[in-house]
Amino acid sequence: MRLDGQVAIITGGARGIGEGVCKVFCAAGATVAMWDVLGEGEKTAEKIAATGGNIFFQRVDVTSKLQVQEAVDKIMATYGRIDILINNAGIIRDRSFLKMSETEWHTVMDVNLNSLFVTTKAVLPYMKEAGYGRIVSASSVNAMAGAFGQTNYAATKAAIQGFTRSLCKEVGRYGITVNCVAPGFIKSDMSDSMPPEVLEAGIRMIPTGRIGTAEDMGYCYLFLASKEAAFVNGITLHANGGAYPI
Ligand SMILES: NC(=O)c1ccc[n+]([C@@H]2O[C@H](COP(=O)([O-])OP(=O)(O)OC[C@H]3O[C@@H](n4cnc5c(N)ncnc54)[C@H](O)[C@@H]3O)[C@@H](O)[C@H]2O)c1
């Protein structure tokens, strides 16, 4: 599953799962445009480039139509192609529903869900023209399982699955596939800050006996973004170590 000669946009790549996806895609030979609102994306990209990765950072807020369009224009002017879009950027603003503010609701909708309208609209015409494309977005185990305090988050992650299943029906005929990954419990800044006993209790629920890693997720994205996955379309790849059987 090589990506040589292909150009991939990976949103939210400055850290966490997105950083893992950037590393795996670079190792597979892709040229990666890493998008993030965090300035530290520049350093992450430099670190990956130092190991031989073909990667550059673009400071892009995925909710901004203007910033997304400018970044896409630059990629097209330089490389003339966008083969892969990974919609990984996402946030949480957890609070029980009765206490949740309108801002907490709408911010999560904007970053996690409405951004897909912006990013996908910007790249899809180029993919259609090329007769090839891969769009893979971040859902979550909590789209199916639900979670206390995550009505906003779970709603966006379930909506992404519906978006995926619908868009795949529209663009499959152009050689474009649309899929998503639903990560389970993945090692992150958040899991690192949990009390050890809470972390261990979480891990005990996972049949594979360990927490997932950003690289584990990177390989899920790689499969769905590969040419070899041409007949896989509209699916959600559940990557949770078996903790939540679907
Ligand atoms: N970590 C997990 O256990 C887990 C589980 C299920 C799903 N997910 C999903 O996977 C994705 C990555 O999660 P993570 O744990 O690596 O999170 P993270 O917070 O470590 O990384 C998310 C990245 O997205 C960026 N981002 C946020 N808002 C943005 C915006 N408006 N524009 C551009 N970039 C923006 C952040 O700056 C950050 O670098 C998210 O969509 C998340 O919902 C994560």
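1. Helices here are DSSP runs of H or I with at least four residues, strands are E runs of at least two, and both are numbered from the N terminus. Ser96 sits in the loop between β4 (84-87) and α4 (102-130). The model is predicted: local features need pLDDT of at least 70, side-chain atom pairs count only at pLDDT 80 or more, and totals for chains, interfaces and linings use all residues. Residue numbers start from 1 along each chain as its sequence is written.

2. Is Ser96 buried or exposed? Ser96 counts as exposed because it has 10 C-beta neighbours inside 10 Å. The cut-offs are 20 or more other C-beta atoms within 10 Å for buried, 12 or fewer for exposed, and partly exposed in between, with C-beta atoms placed from the backbone. Leaving aside neighbours within four places in sequence, Ser96 is in contact with Phe148 and Gly149. Contact means that the C-beta atoms of two residues, placed from the backbone, lie within 7 Å. Ser96 and Thr151 are 55 residues apart along the chain, with their C-alpha atoms separated by 7.7 Å.

3. Pro245 lies in the segment after β7 (236-239). Pro245 is exposed, with 8 other C-beta atoms within 10 Å. From Pro245 to Val141 the C-alpha separation is 9.7 Å, against 104 residues in sequence.

4. Now the ligand. Its shell holds 27 residues, and the closest are Gly12, Gly16, Ile17, Gly90 and Ile186. A residue is near a molecule or strand if its C-beta atom, placed from the backbone, lies within 6 Å of it. By class the shell has 14 nonpolar, 9 polar and 4 charged residues. Nonpolar covers Ala, Val, Leu, Ile, Met, Phe, Trp, Tyr, Cys and Pro; charged covers Asp, Glu, Lys and Arg; the others, Gly among them, are polar. Both α1 (16-27) and β2 (31-36) supply at least two shell residues each. The largest share, 3 residues, comes from α1.

5. Helix α1 also packs on α9 (residues 214-225): the axes come within 7 Å and cross at roughly 60°. Axes are lines fitted to C-alpha atoms, for helices over the stretch in contact, and angles run from 0 to 180 degrees between N-to-C directions. The two helices, α1 and α9, are therefore oblique to each other. Under 35 degrees counts as roughly parallel, over 145 as roughly antiparallel, 65 to 115 as roughly perpendicular, and the rest as oblique. The α1/α9 contact has 9 nonpolar, 3 polar and 3 charged residues. Gly16 and Ile17 are among the α1 residues that meet α9.

6. Helix α3 (residues 65-79) and α4 have axes that come within 9 Å and cross at roughly 30°. So α3 and α4 are roughly parallel to each other. On the α3 side the contact uses Lys65, Val68, Gln69, Val72 and Met76; on the α4 side, Val118, Thr119, Ala122, Val123 and Tyr126. These divide into 7 nonpolar, 2 polar and 1 charged.

7. Helix α4 packs against α6 (residues 151-171) too, at an angle of about 20° with the axes 9 Å apart. That makes α4 roughly parallel to α6. The contact between α4 and α6 has 11 nonpolar, 3 polar and 3 charged residues. Trp105, Met109 and Leu113 are among the α4 residues involved, and Tyr153, Ile160 and Phe163 among those of α6.
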